[in-house]
Amino acid sequence: MMSEQKRNYGKIVTAAVCLAAAAAEAIGDGVAPTYDEAYYATLDYYGNLLEGSVVKSFAMNGKDVLTDYGVYDEVVNLTDGTPADTRDYGTTFHFEDGAPDHFYFQGRTQAPFAQLPWSIPLHYTLNGVPTRAEDLAGKQGVVEILLDVVPNENAGDYARYNYTLAATALFNQDDILSLEAEGAQVQLVGNLRAVLFIALPGEEQHFVIRVGAEDFAFSGMTFLMVPATLAQLEDVAEIGQRKEDIERDY
């Protein structure tokens with residue numbers, strides 16, 4: 001009996017030594033670079049992806065080594081000449097002469113595009129006839145720009161139910177004869193007509209911009225997808241409830 005107790009005691013002591021060894025790891029200072037990021041996508045006339053990239057802005061907080069664990073097709077240093085050391089686990093920058101206070105790099109990748117909360121196909125007509133975008137430049141008549149904002153089922157739940165979308169287009173008032181955009185905010189800024197559409201989280205929308213011109217020109221659209229604040233989401237929920245109440249009362 002005594003020998004069995006000794007064996008158990010030996011096991012307990014061994015375990016205690018292992019735990020003590022594990023607890024002896026050095027504790028870091030808790031200071032690390034912090035960052036903001038945005039995904040930029042360039043689309044063709046119809047909403048297909050041409051090029052995409054993530055741009056990250058780092059506050060270095062006094063550190064001279066930076067490791068980012070994103071997966072990119074190519075990494076471009078936007079700040080200085082420090083080379084990127086790209087490996088399977090990520091990309092590291094070693095600032096041998098001292099890091100800048102703020103550091104920016106671009107990671108080219110198309111991957112996030114498939115998970116954006118909306119797909120945005122665009123189509124066009126000239127005087128009511130479906131027309132290729134490439135054939136519209138310089139044409140006379142009424143051009144319709146048809147924009148479909150369709151929720152993407154492949155997007156994550158957070159993006160689908162928290163992001164709002166703003167779609168904007170600019171037209172030189174001196175170059176057009178008329179402009180209609182039902183459901184949009186149209187604002188004159190100098191000699192530019194700014195058209196702004198908004199889609200709330202999870203919404204499907206179909207917008208039309210009608211432009212009358214003798215020599216049609218169009219610089220394209222800009223789309224901004226950003227998460228709404230908590231207060232804004234509460235307002236969205238209230239708007240949705242009011243819409244349901246009105247439909248039920250009708």
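Tyr46 has a relative accessible area of 25% and is therefore partly exposed. Buried means under 20% relative accessible area, exposed over 50%, and partly exposed in between (1.4 Å probe, protein chains only). Tyr45 is also partly exposed, at 48% relative accessibility. This is a predicted model: local features need pLDDT of at least 70, side-chain atom pairs count only at pLDDT 80 or more, and totals for chains, interfaces and linings use all residues. Residues are numbered from 1 along each chain as its sequence is written, and side-chain values use heavy atoms, with hydrogens and water left out.

**Aromatic pairs**

Rings of Phe, Tyr and Trp (its six-membered ring) pair if their centres lie within 6.5 Å; planes under 30 degrees apart are stacked, over 60 edge-to-face, and the rest tilted. The count is 13 aromatic pairs. Two of them are set out below.

| Pair | Centre to centre | Angle between planes | Class |
|---|---|---|---|
| Tyr45 and Tyr46 | 6.3 Å | 90 degrees | edge-to-face |
| Tyr158 and Tyr163 | 6.1 Å | 85 degrees | edge-to-face |

Tyr163 is partly exposed, at 22% relative accessibility. Ring pairs also build a cluster from Tyr35, Phe58, Tyr72, Phe93, Phe95, Phe103 and Phe105.

**Overall build**

The protein has 3 helices and 17 strands. Helices (H or I, at least four residues) and strands (E, at least two) are DSSP runs, numbered from the N terminus. Of the 250 residues, 26% are buried. Contact means heavy atoms within 4.5 Å. Among contacts between residues at least 6 apart in sequence, 68% join residues at least 24 apart.

**The largest pocket**

A pocket is an open set of points on a 1 Å grid over the protein atoms alone, where a 1.4 Å probe fits, with protein on both sides within 12 Å along at least five of seven lines; lining residues have an atom within 4 Å of a point. A volume is the space filled by probe spheres set on the points. The largest pocket comes to about 1200 Å³. It is lined by 43 residues, and Tyr39, Tyr40, Ala41, Leu116 and Phe223 are the closest to its centre. Two or more lining residues come from each of strand 1 (34–43), strand 2 (49–59), strand 8 (118–119), strand 9 (122–126) and strand 17 (221–227). Strand 1 gives the largest share, 8 residues. The lining divides into 31 nonpolar, 8 polar and 4 charged residues. Here Ala, Val, Leu, Ile, Met, Phe, Trp, Tyr, Cys and Pro are nonpolar, Asp, Glu, Lys and Arg are charged, and the others, Gly among them, are polar.

Thr125 belongs to strand 9. With a relative accessible area of 10%, Thr125 is buried. Beyond its neighbours within four places in sequence, Thr125 contacts Pro130, Thr131, Val142, Val143, Glu144 and Leu146. The loop between strand 9 and strand 10 (129–130) holds Asn127. Asn127 has a positive phi of about 55 degrees, although it is not a glycine. Most residues other than glycine have a negative phi. Asn61 also has a positive phi, near 55 degrees. Asn61 lies in the loop between strand 2 and strand 3 (65–68). At 41% relative accessibility, Asn61 is partly exposed.
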